[in-house]
Amino acid sequence: MSATLKPEEKKLKVVGTRPIRPDGVPKVTGLARYGADYSLPGMLWGKILRSPHPHARIRSIDTSKAQALPGVKAVMTSADLPEHKFEYVGPERVAVNFWHMTRNIMAREKVLYEGHAVAAVAAISRSIADEALRLIEVDYEVLPHVIDVEEAMRPDAPLLFEDMITRGIEPAPDKPSNVSKRIEFKIGDPEAAFAAADEIVETSFKTAPVHQGYLEPQACLARFDPDGQAEVWASSQGHFVIRALTARLLGMDIGNLRVYPAEIGGGFGGKNVPYVEPVALALSRKSGHPVKIVMTREEVFKACGPAPGSSMTVKIGVRKDGKIVVAEGVFKFQAGAVPGSPVMNACMCAFAPYDIPNVRSVGYDVVCNRPKTAAYRAPGTPVSAYAVESVVDMAAARIGMDPLQFRLKNIARPGTPTVWGPKHTHEGFTETIQALMKHPGYSAPLRKNQGRGVASGYWFNNGGESSAAVHVNEDGTVLVATGSADLSGTRASLAMMAAETLGIDYDKVRPIVADTASIGYGHLAAGSRTTFATGIAVVEACKKVIGNLRARAAMIWEVNAEDVIWEDGCARPAGGNKGRFEPLSLKAIAAKRSVTGGPIVAEVSVNAGGVAPGFATEFCDVEVDPETGQVKVLRFVAAQDVGRAIHPSYVEGQIQGGAAQGIGWALNEEYIYDTAGRLTNAGFLDYRVPVASDLPRIETVLVEVPNPNHPFGVKGVGEANIVPSLAAVSNAVSNAIGRRMTELPMSPPKVLHAIDSGRAG
Amino acid sequence: MSKHHVTATVNGDVVEFLCETHRSLLDVLRDELNLTGTKEGCGTGDCGACSVTIDGRLTCSCLVLGVEVEGKAIETIEGMAAGAVLHPLQRKFLEHAALQCGICTPGILIAARSLLERNPDPTEEEVRYWLAGNLCRCTGYHKIVDAVLDAAREMRRQ
Ligand code: FES
Ligand code: FES
């Protein structure tokens, strides 16, 4: 892999500047096409019938009346999708089980949550499709349900799966339960270390499930031809993953399915997996017509995964000098109706910011009658960080240390072991803390009812499979195609890295997101991996192109290719030929394309390793209204180690967006169920995400400690920013009211209750 | 289901369309007139992604029936640029990186233009309150607010 380009070694011309994004104009003129914006001649509208019950056995489904309605072209149920073997495939942290996945797409024996899909129709108009749904008769045997994670863990809880035996316990339990999995990580000797600690702080916490809240509901258009060839236009975080999962769920060959990436209106992890694509494609297969499905917002809330709620206990032992000697966390996560909450991430990242010799982290993945959870920005980690960073704050207060100083004293450094085994290898943690210590706002005085809170957070970031193709056009312009969905401006950062590597102007590079038939495999745009991993593929492809251009210059000059170097976008003679010829620009060589060997193209696929984690430290000032319990965030400052910011504006935007979501998570957002197990706030009026007037300016501090394993030092920026946010807000509110808050969201009634109860948590 | 014949002006052009009684203006714009720049984030008036103006007034098009706009003048995002020249707000949104996914952008641009028509010199707080009906989940609003203030500054100079 390429060595780090240190800014002092080579002046960067494009990387670090703030050009206009290449996909910007269509997005401000309304011409960009998102998932719901595609249509085809003869297209039908698909609609999904959803369960009104949180838990029920399906005795029968009668679709005959719907089928008979004029204008209805197909009705489907789970009988139209193949059955799958019960097995977990893939690495444990992200394992999938198609037996569960197909049941979540369309219920089989039982419905497991309100909103669970049970049937679908395709009709010539939306009105007819709606009418047809009303004509489908489902005979349900309603079963007792369970919503809360602690209740779901009780031995007498209603079981979602009557034969589910907890994985990860030796010997395996002989009774089924709702606990899908138990995991444990341990280093050192926590028992002995607690016995020797000077101070021990232990507290329990609860958090509510929250939704990713992407503004674009899931939407797609699908077409299945009689010869078995199919096409899907999908708004997703990875059209190659949509292709693989959809093909598998329909029992078709991957080679017969082509997926086109629509522009995506936000995902945050929620659009990593298909929901509507397999249904639309099955309806198209059945009807012989293209089918479009667009979810309503209510469907998005009820059927597309929120991030899990949790119940947690964290215990930390410290020495009087401020050293954390031992920590323990128990994290119970609501998986929803399908096993697979990100509790493993939560366990791994919880204590990762710190150098603690004795640690135990235990996680439970628990099913309950809620929609299946989905990834959400650093999945699982903001939740465990909320509990850990709250207790870290309490420990700092207990021994009378400044909370940033306390974190700095205990910070992990290269060589510090992680709870999952390998040692930390990257710098950048301390720098984010030091950046905030130096921030003038950190020592600014606070008034009555105001409080300041700090927190830190760790996230893995990710590498993995990416592909890029670079085409040099005959006029010297360059096309960069990748298979990575662009959620937030990555086309700009990829084009910038290409321009920098080739030595040409940014506006000569046109980046596109290519469909699954036009480029090699690209994994999800998730895990903060695109600018890192796809960036490596782009840079490697540009280097191949440069090799090709040098060879062509050598041919023109009749010298050896080794005697040609590439500098500032030009081939220059070197070695013995230095100065003998005028440099040949990329444009000049491109013009001679056909006489020097034909098309100039390189495609590179990588499975990028060398990932460096993300780290963020944030502080937040709040004011609490003691009459109402309302919390106003006055100031929010976020420092994140980004490795290197390719396009600083979009890096800042990632941090601001992550912090805003964290503030919403901490203060407002939650899934609220009634006693019948029905979601009562499935809309943006009652599920309140932060609006412009709720938020302050969000100040960002870009800490740049380059990743030596990326040609420009990139680490990934999308997720680490949200990890500390929940805790920073909670610590600030706790300091403002002089009571420890232990439950999210800190909605006004809860804050008021804490103030009134007058007792510390 | 019988359909109604409606005549209205969209972005300065007279258009005619047929629509069912219960279809929203948003559905008509997107599905009948093929103007998909106006987005649906909720369909219940809570997100502002469907913002348009009707006879100059900022409105959620998901809350208006298609049959209600007979004889009215509607402005959508597709009519915001003057031909090939972007509106200053559109340009400032690009310069300030005020969009990430961009799905909220058409609605926010329409809403911001309405604000600046009424108040060419808004404070930051006025911008934040005016845009409180337009959700953006990606940006935290910081750069959106900056872009609006900067566009206002530029438009005042013109
Ligand atoms: S779609 Fe009209 S306000 Fe959300
Ligand atoms: S930019 Fe994505 S919702 Fe605003």
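Me: How many residues of chain B are in contact with chain A, and how many of chain A with chain B?

Reply: There are 47 residues of chain B in contact with 53 residues of chain A, where contact means heavy atoms within 4.5 Å. This is a predicted model, in which local features need pLDDT of at least 70 and side-chain atom pairs count only at pLDDT 80 or more, while totals for chains, interfaces and linings use all residues. Residues are numbered from 1 along each chain as its sequence is written, chains are lettered from A and ligands numbered from 1 in the order in which they are written, and side-chain values use heavy atoms, with hydrogens and water left out.

Me: What area is buried between chain B and chain A?

Reply: About 4200 Å² is buried, and carbon and sulfur atoms give 56% of it. Buried area is the accessible area (1.4 Å probe) that two parts lose on being put together, summed over both. On the side of chain B, Leu94(B), Gln100(B) and Arg137(B) supply 20% of the area buried against chain A, more than any other three residues.

Me: Why is the meeting of Asp146(B) and Arg697(A) called a salt bridge?

Reply: A salt bridge requires a side-chain nitrogen of Lys or Arg within 4 Å of a carboxyl oxygen of Asp or Glu.

Me: What makes the pair of Trp420(A) and Tyr458(A) tilted?

Reply: Rings of Phe, Tyr and Trp (its six-membered ring) pair if their centres lie within 6.5 Å; planes under 30 degrees apart count as stacked, over 60 as edge-to-face and the rest as tilted. Trp420(A) and Tyr458(A) lie 6.1 Å apart, centre to centre, with 50° between the planes, so the pair is tilted.

Me: How is chain B divided into domains?

Reply: Chain B has domain 1 (3–79) and domain 2 (88–157), with bounds from an automatic or database domain assignment. The contact between them takes 16 residues from domain 1 of chain B and 14 residues from domain 2 of chain B. Domain 1 of chain B and domain 2 of chain B bury about 1100 Å² between them, 59% of it on carbon and sulfur atoms. In domain 1 of chain B, Cys47(B), Leu58(B) and Ile77(B) lose the most area to domain 2 of chain B, together 42% of what that side buries.

Me: How many salt bridges does the rule find across the interface of these two domains of chain B?

Reply: The rule finds zero salt bridges between domain 1 of chain B and domain 2 of chain B.
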